[in-house]
Amino acid sequence: MIENTKYTNKYNFAFIDEATKKEIRRKLLKAVAIPGHQVPYSSPEMPISRGWGTGGLHITLAVIGREDVFKIIDQGSDASVNACNLREFVNRMTGCKTTFDTTEATLIQTRHRITEEELTEKQIIVFQVPLPEPLRMVERYEYKTLQMHAEADYAKMYVSLYESYVRHGAIMEGAGYPVMVNGRYVMSPSPIPRWDIPNLNQAKTLFLFGAGREKRLYAVPPYTDVEPLEFEDVNFEIEDFSNSGCYKTGYKKAFLDEIYADDGGRKFVISDSNFLDKKMERQETRQYSNKYIDQLQAYDL
Amino acid sequence: MQPELHYNTVFDAQQHFRLLLDSMSRPGKINTFPSSNILPPAGLNQAAALTGFALLNADTNYHITVQNSTDIADYLLVNTAAQQVDIAVADYIFLPENHDGRGLHEARVGTPVYPEDSATLIAAAQVISAVAMTDSLKITMNGPGVNGEATVWVKGINPDLLNYLKEQNSEYPLGIDLIITDGQNNVLCLPRSNRFTYTQTN
């Protein structure tokens with residue numbers, strides 16, 4: 001008997017139909033060929049609203065295969081609501097194995113963090129991006145920002161950083177610090193903390209960015225120059241936790257979350273939940289290293 | 001003509017796309033498509049056909065530069081539903097071995113605002129190799145995706161095609177991306193962001 005396998009599942013593998021997947025795939029190849037350039041794409045409807053991680057989800061579902069091991073984090077945590085729901089969705093639509101372990105995963109989706117452990121050449125990390133346009137804060141019209149990117153005219157961006165320095169004595173960009181990719185495009189790295197920015201530079205991993213609401217995707221290939229915007233005399237700095245330290249492990253050389261207690265007191269804890277677990281269990285970890293972290297280490301953390 | 005029975009449009013397409021994505025993000029890395037039982041017509045190697053299957057559908061189009069390309073056009077139409085169009089509007093352009101780049105100046109290079117709105121070349125070669133070969137082109141690459149410098153040896157690619165590519169990509173981000181396929185199912189990518197040099201080996 002001929003078995004009907006086509007209609008045994010209600011949904012196509014990885015939810016999105018093949019025609020739309022192919023469109024996203026074609027755009028991804030172009031995005032990789034032009035590092036940092038935002039490519040418009042279809043942003044098909046998903047069972048969650050645009051702006052809740054659909055951009056990341058589109059890319060994940062367009063590249064995922066049956067053999068992939070999937071991990072998803074939200075602000076470093078495997079257990080937050082956004083991560084849990086998207087993980088379950090991807091798992092149900094693909095049957096892929098999911099994991100919390102950063103080293104075991106082959107495909108990682110993330111909201112607003114890069115893992116504390118260094119990612120390898122075999123892994124791909126997909127970012128959920130709320131605002132892909134780094135120039136939006138200095139220019140409100142899309143047709144003008146498009147032209148500014150086309151002409152590599154980033155003067156306004158530098159002026160805004162300068163003004164921030166003059167007003168506040170520091171460049172006040174906390175999350176989503178603008179970066180220059182491959183010496184050509186200024187790119188929003190999605191709202192990752194400054195701590196993570198240097199890890200984009202000359203990395204081993206392919207970084208893919210999806211902004212579902214704004215319908216843009218872009219990419220940073222491995223071994224690509226990614227430099228935070230800075231001035232000769234006013235430099236980019238990462239967060240310094242040398243006066244805090246994780247309250248569970250005492251560890252200082254990681255991005256820490258600040259937790260407020262009911263009595264107004266506060267404490268810090270490692271933001272990357274898998275990294276925290278590994279530190280608690282005294283497992284071996286291989287962290288990113290960069291000159292900014294090394295600098296902090298010079299203070300003997 | 002019948003569509004290929006030995007091709008899974010969901011899982012094979014995904015697997016092959018992942019290899020293309022890996023190749024495009026790591027120029028100089030040679031990836032190999034798993035062996036397949038598809039039988040493309042003469043003038044189209046298996047890796048090029050699989051690349052076409054992974055990327056083409058009715059929303060996109062292609063151009064074939066081979067003379068008398070109706071067999072290939074029929075084959076791609078039946079399997080992907082993509083139509084052959086004029087070279088000046090084509091998204092994908094299939095090139096035979098040793099193509100000298102003539103006539104490709106009409107191919108789209110994108111616009112300053114939308115540089116991605118450009119053609120991708122899928123060029124056939126005899127052999128792509130990571131070890132030195134005689135009588136071949138030695139291509140040395142650096143740029144995004146390459147850790148320091150990468151070297152590959154390619155047989156069956158005309159130096160004029162690479163000259164053409166350099167010329168088109170000189171106004172980066174405008175430009176053309178190249179996918180090279182060979183008879184052993186290998187695939188190699190040269191995205192426009194890559195800065196390469198080549199020499200002929202004896």
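Guide: A polar contact is a pair of N or O atoms within 3.5 Å, one able to donate a hydrogen and the other to accept it. In this predicted model, chain B and chain A have 18 residue pairs in polar contact, both residues at pLDDT 80 or more.

Visitor: Which helices of chain B supply at least two residues each to the side that touches chain A?

Guide: Helices H1 (11-25) and H2 of chain B. H1(B) gives the most, with 9 residues. The side of chain B that touches chain A divides into 22 nonpolar, 11 polar and 7 charged residues.

Visitor: What makes Lys30(A) and Asp177(B) a salt bridge?

Guide: Their closest N and O atoms are 2.9 Å apart. The cut-off is 4 Å, from a side-chain nitrogen of Lys or Arg to a carboxyl oxygen of Asp or Glu. The pair therefore qualifies. Across the interface, the rule finds 2 salt bridges.

Visitor: How much area is buried between the chains, and what share comes from carbon and sulfur atoms?

Guide: About 3,400 Å² is buried, and carbon and sulfur atoms give 61% of that. On the residue count, 40 residues of chain B are in contact with 39 of chain A.

Visitor: Which three residues of chain B supply more of its buried area than any other three?

Guide: Arg18(B), Arg26(B) and Glu116(B). Together they supply 18% of the area that chain B buries against chain A.

Visitor: What is the packing of H1(A) with H2 of chain B?

Guide: Here H1(A), residues 18-33, meets H2(B), residues 46-55. The angle is about 115 degrees, and the axes are 8 Å apart. Lys22(A), Arg26(A) and Leu29(A) make the contact with Phe53(B), Ala54(B) and Leu55(B).

Visitor: How do you know how many of those residues are nonpolar and how many charged?

Guide: Lys and Arg count as charged; Leu, Phe and Ala count as nonpolar. The contact therefore divides into 4 nonpolar, no polar and 2 charged residues.

How values were computed. Residues numbered from 1 in each chain as written. Chains lettered and ligands numbered in written order. Predicted model: local features only at pLDDT ≥ 70, side-chain atom pairs only at ≥ 80, totals over all residues. Heavy atoms only, no water. Axes fitted to C-alpha atoms, helices over the stretch in contact; angles between N-to-C directions. Helix = DSSP H or I, 4+ residues; strand = E, 2+ residues; numbered from the N terminus. Contact = heavy atoms within 4.5 Å. Buried area = accessible area lost by both parts, 1.4 Å probe. Polar contact = N/O pair within 3.5 Å; in protein donor to acceptor, adjacent residues only side chain to side chain.
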